[in-house]
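Keep the sequence and the 3D view side by side as you read.

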Amino acid sequence: MGEVSKSTGLPQHVLRYWETRFPQLKPLTRAGNRRYYRPEDVALIARIDRLLNSDGYTVKGVQKLLASEGKGGGGSEPIVAPTARDPLRTIRDRLKTALDAD
């Protein structure tokens with residue numbers, strides 16, 4: 001757990017909390033409750049971190065997203081959360097189209 005914490009920059013208590021909130025995150029446990037994360041666990045941690053801290057998802061939103069993907073709803077392509085920039089890009093594109101038409 002310490003190595004994953006260092007490599008991701010996430011505190012160990014956050015990783016433990018995520019294990020309680022995201023059933024998809026299941027590291028192997030050894031004697032003394034030591035956690036061993038597999039490469040797919042580390043990839044999932046990185047994805048959860050991105051969704052929560054960069055893409056603006058809530059914990060509940062990430063839970064729903066991961067649950068829907070687990071049921072075959074997500075497929076191989078990840079669902080991208082709309083960002084605050086998307087509406088601005090839409091407005092920019094409309095303005096550009098209107099100006100080009102003049």
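In this predicted model, the largest nonpolar core holds 18 residues, and Leu15, Trp18, Ile45, Ile48 and Val62 have the most contacts inside it. A nonpolar core here is a set of buried Ala, Val, Leu, Ile, Met, Phe, Trp, Tyr and Cys residues joined through side-chain atoms within 4.5 Å; buried means under 20% relative accessible area, with a 1.4 Å probe and protein chains only. Two or more residues come from each of α2 (12–21), α3 (39–53) and α4 (59–70), and α3 gives the largest share, five residues.

Take Ile45 next. Setting aside residues up to four places away in sequence, Ile45 touches Val4, Thr8, Leu10, Leu15, Trp18, Leu25 and Tyr37, where contact means heavy atoms within 4.5 Å.

Now turn to Ser5, which sits in helix α1 (residues 2–8). Ser5 counts as buried because its relative accessible area is 12%. Its side chain reaches the backbone oxygen of Leu10 at 2.5 Å. Beyond its neighbours within four places in sequence, Ser5 is in contact with Leu10, Pro11, Gln12 and Leu15.

Stepping back, the chain has five helices and two strands (DSSP runs: H or I of at least four residues, E of at least two, numbered from the N terminus). Their order from the N terminus is α-α-β-β-α-α-α. Of the 102 residues, 26% are buried.

A note on reading this: residues are numbered from 1 along each chain as its sequence is written, and side-chain values use heavy atoms, leaving out hydrogens and water. As this is a predicted model, local features need pLDDT of at least 70 and side-chain atom pairs count only at pLDDT 80 or more, while totals for chains, interfaces and linings use all residues.

Definitions and conventions: Buried < 20%, exposed > 50% of the residue type's maximum accessible area, 1.4 Å probe, protein only. Polar contact = N/O pair within 3.5 Å; in protein donor to acceptor, adjacent residues only side chain to side chain.
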